[in-house]
Amino acid sequence: LTIVASTGIFKRSIRWCHCAKSSKRFVQLLLRAKLFPASFKNPKTAFTFEVLDQFQLDALECKTAAMNFMSKIGRVTDEAFPSRVPDRYRELLRVSRQWRDIHNQIRAGDVHDRPDVPADSGLALFCPACPQIGINIPPEIEWKADDRLLYRPQLVSDGNMKLVHQLQKRPEDDVSLSNGEMFIVKWAPYAKHLVNAPQRQPKSKCSNHWAQNHGNLNRNHLDSTGKGACACARHGAFVPHCMVNFQKGEQQVNMDYSICQALKRFPGHVQALIVYDICCQWSIHFRQCVSESEFLELYDSLEIIGAIGKWHLAAHIPECFPKFSLNFVEGAGEVDGEILETLWSRLDEVAGMAQAMSIAHHQEVIDEHMNDSNWRKIIRLSDSLCEKWSRAEKGLSETGPTFEQLSDSLDASLVQEWTAQERVAMEKRGDHLNIYQVRLEKCGRFIHSSFGY
């Protein structure tokens, strides 16, 4: 038996127990000895639990590929002649996928009482601080006027053009272990949506968003030209079962499915904030696309408020500023709407390693790193919220007196008029938000300055 351990690769002669008369019994004996077999029929290679945990941690923290990890184990075994060490790269690929799936099932509590078909996103972690009825909000809650802002989901949606995937040579040999159980959507319903959805991309009336419309458009060797997903705007946790593949750039048909799947996680809510880089164009036809599709679902009572991230808003036309700025969304808080950009940077580190994998393996690797990202958010959430609370109290104490002093220096009738206009703009939005439009008066042809020009 070839045993792969963290200290090297060794060949050992073993003798099976006399009562082990089947390969199933052999596997049980190996697992009891904390050895994971590479095959369940006639095992000839086994990996220690320790080395599998070490590879999983190296992959998450150091973005180590399986080939590099096995090369390291070979050098640990025999640094002078590593070519003489048995190569167990293919076996590691198989076993690591099984080991990853087992860990996800244990963490989700689905090992002993798992149904035949797991629920969508049943193995994924999500943000415990985001408002979710039945989890951190009582199911029998009676909505009040201010509750729609307090319990409103705030999501950021964006695409990543580096998470591509190459065409698979033998897709019929692919085997999936967790299709749709974590962050990437289940493929069959999504494929039906793409086939039946109207293939129209509305012409932009704003700036030419070339990256969204034409990203990786002419790469014929790719079956996925990128990915789109959603995350909570407050805490930066990926929303489970909403990551989709792009086929022809970042089109609305893709992002509509992603956003609808993300909003399914918040049933019973009356309002949701969606922050999207091209929200000015996406929001025009979103409701129409949902009503025309049998694969898109959206609660009729859900009011959607669209906004654009503060960094991307500068690239839009001036008319987008008052209507889609987060500064003019009541209850949005101090969020910039760009949290997904920081999350993409971590996933970009595994993009090159995962692009040539099989479709199922590629999906499992991306899911694993997204789940680990959410795990990092969860374990640091309490410290992060306490720090934000302290910073908010300090900012309020510093700016409050200054704001009151400014208000007292103005005409009371003007302050009352502006307050009424603001209330109408917050409730009705749309063109009422034009009161925040910056008015620039053109100067004369010549401008006098201290430099004499």
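**View 1. Pro 37 and Ala 46 are bridge partners, the latter in strand S4.** The model is predicted; local features need pLDDT of at least 70 and side-chain atom pairs count only at pLDDT 80 or more, whereas totals for chains, interfaces and linings use all residues. Residues are numbered from 1 along each chain as its sequence is written, and side-chain values use heavy atoms, leaving out hydrogens and water. Strand S3 and strand S4 (residues 45–48) pair in the antiparallel sense over three bridges. Strands pair if DSSP finds at least two bridges between them; helices (H or I, at least four residues) and strands (E, at least two) are DSSP runs, numbered from the N terminus.

**View 2. An open sheet of four strands has the order S2-S1-S4-S3, with mixed pairing.** Strand S2 (8–11) and strand S3 (35–37) are the edge strands, each pairing on one side only. From one strand to the next, the twist averages 25°.

**View 3. Helix H3 (residues 66–77) lies across strand S1 (2–5), S2 and S4.** Helix H3 runs at about 65° to S2. Helix H4 (residues 89–108) packs on the sheet and touches S3 and S4, its direction making about 115° with that of S3. Contact means heavy atoms within 4.5 Å; axes are lines fitted to C-alpha atoms, for helices over the stretch in contact, and angles run from 0 to 180 degrees between N-to-C directions.

**View 4. Helix H16 (residues 412–428) has 17 residues.** From first C-alpha to last, helix H16 reaches 25 Å, close to the 24 Å expected at 1.5 Å a residue; the expected span is 1.5 Å times one less than the number of residues. Just after H16, Arg 429 takes a positive phi of about 55°.
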